[in-house]
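Welcome! Please take a moment to look over the chain below, and then let us walk through it together.

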Amino acid sequence: MDQGFRPREATTEDADVLADVHTRTRTAYYTAGGMPEEELADPSDWGERRDAWTRVPAAPARATLVADDLDGTVVGLLTAGSPHHEDLDASTFYELYQIGVLAHAWGCGVGGALHREFVALAVAAGCAEGVLECWASNTRAQRFYARNGWRPDGARRPGPLDHDYVRLRLKLVSHSFRAGLTQGQSRSARREM
């Protein structure tokens with residue numbers, strides 16, 4: 001990864017750190033869009049998130065990566081897999097569920113590197129397009145995805161503070177070639193090179 005960060009597959013031993021990174025990045029994501037932090041600070045939510053993150057790395061249809069810094073501290077995460085949208089075919093679409101980067105690592109290339117990992121995973125899965133939902137009020141996230149080639153497809157669903165989640169799509173074949181990847185080349189294949 002850029003700037004001395006490296007991706008690795010998450011394991012069940014990462015549950016506490018995944019819950020922590022998810023909680024912190026979720027708070028940053030929603031407060032950037034204007035949601036008061038108090039609305040996100042329910043301590044009981046952390047235990048539920050930890051329990052969920054204990055199961056996520058073992059889920060066969062889901063990819064979960066973390067980004068470690070040079071000291072081995074997790075500063076970001078990526079989770080992706082089959083689309084959660086009934087109108088999208090899993091053989092064509094791969095969904096980016098979350099890229100989360102801790103605020104102190106913003107601007108260091110972690111998000112971009114995790115995004116490239118998503119593209120590689122999706123191409124390796126044989127998918128032609130990526131899909132994600134992004135809260136319309138988080139303009140920082142909207143700009144990140146636009147810079148990386150994502151475009152709205154017109155689908156929306158209600159979100160917090162009466163601001164919708166906007167569905168975005170990414171054409172993977174042309175994007176993967178621009179990123180210097182060949183179709184079907186996965187993380188494991190790149191590691192073996």
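What follows is a tour from the whole chain down to single residues.

A word on the ground rules comes first. This is a predicted model, so local features need pLDDT of at least 70 and side-chain atom pairs count only at pLDDT 80 or more, while totals for chains, interfaces and linings use all residues. Residues are numbered from 1 along each chain as its sequence is written, and side-chain values use heavy atoms, with hydrogens and water left out.

How confident is the predictor in this chain? The average pLDDT (the predictor's confidence in each residue, from 0 to 100) is 85, and 87% of the residues score at least 70. Residues 180–193 are a stretch to read with this in mind: pLDDT stays under 50 there, and the model has 27 contacts beyond four places in sequence for them. A contact means heavy atoms within 4.5 Å.

Now for the overall plan. The chain has 6 helices and 7 strands; helices (H or I, at least four residues) and strands (E, at least two) are DSSP runs, numbered from the N terminus. Read from the N terminus on, the elements follow the order β-α-α-β-β-β-α-β-α-β-β-α-α. Among contacts with a separation of 6 or more, 66% join residues 24 or more positions apart. Of the 193 residues, 45% count as buried, where buried means under 20% relative accessible area, exposed over 50%, and partly exposed in between (1.4 Å probe, protein chains only). The accessible surface is about 9700 Å², and 49% of this surface belongs to carbon and sulfur atoms; the areas come from the Shrake-Rupley method with a 1.4 Å probe, and for residues only the protein chains shown count as cover.

Among the buried residues of H1 are Leu18, Val21, His22 and Tyr30. After H1 comes Gly34, which has a positive phi near 105 degrees.

What does its side chain touch through a polar contact? The partner is the side chain of Trp53, at 2.8 Å. A polar contact is a pair of N or O atoms within 3.5 Å; within protein, one must be able to donate a hydrogen and the other to accept it, and residues adjacent in sequence count only if both atoms are side-chain atoms. His22 has a relative accessible area of 17%, so it is buried. Beyond its neighbours within four places in sequence, His22 is in contact with Arg49, Trp53, Leu77 and Gln98.

Next, turn to helix H4, which spans residues 139–147 and has Ala141, Phe144 and Tyr145 as its buried residues. These buried residues fall within an arc of 90 degrees when seen down the axis of H4, so they line one face of the helix. The arc is that of the directions from the helix axis to the C-beta atoms. An α-helix has 3.6 residues a turn, so residues three or four places apart point the same way. The buried residues of H4 pack against H1, strand S4, helix H3, strand S5 and strand S7. At the N-terminal end, Asn138 caps H4, with a side-chain oxygen 3.2 Å from the backbone nitrogen of Arg140. Following H4 is Gly149, with a positive phi near 95 degrees.

Glu129 lies in S5 and is buried, because its relative accessible area is 11%. Its side chain makes a polar contact with the side chain of Lys171, at 3.3 Å. In S4 you will find Tyr97, which counts as partly exposed at 22% relative accessibility. The side chain of Tyr97 makes a polar contact with that of His84, at 3.1 Å.

Our last stop is the loop between strand S6 and S7, where Leu161 is found. Most residues other than glycine have a negative phi. Leu161, though not a glycine, has a positive phi of about 55 degrees. Asp162, in the loop between S6 and S7, also has a positive phi, near 60 degrees. Are these residues buried or exposed? Leu161 counts as partly exposed at 37% relative accessibility, and Asp162 counts as exposed at 77%.
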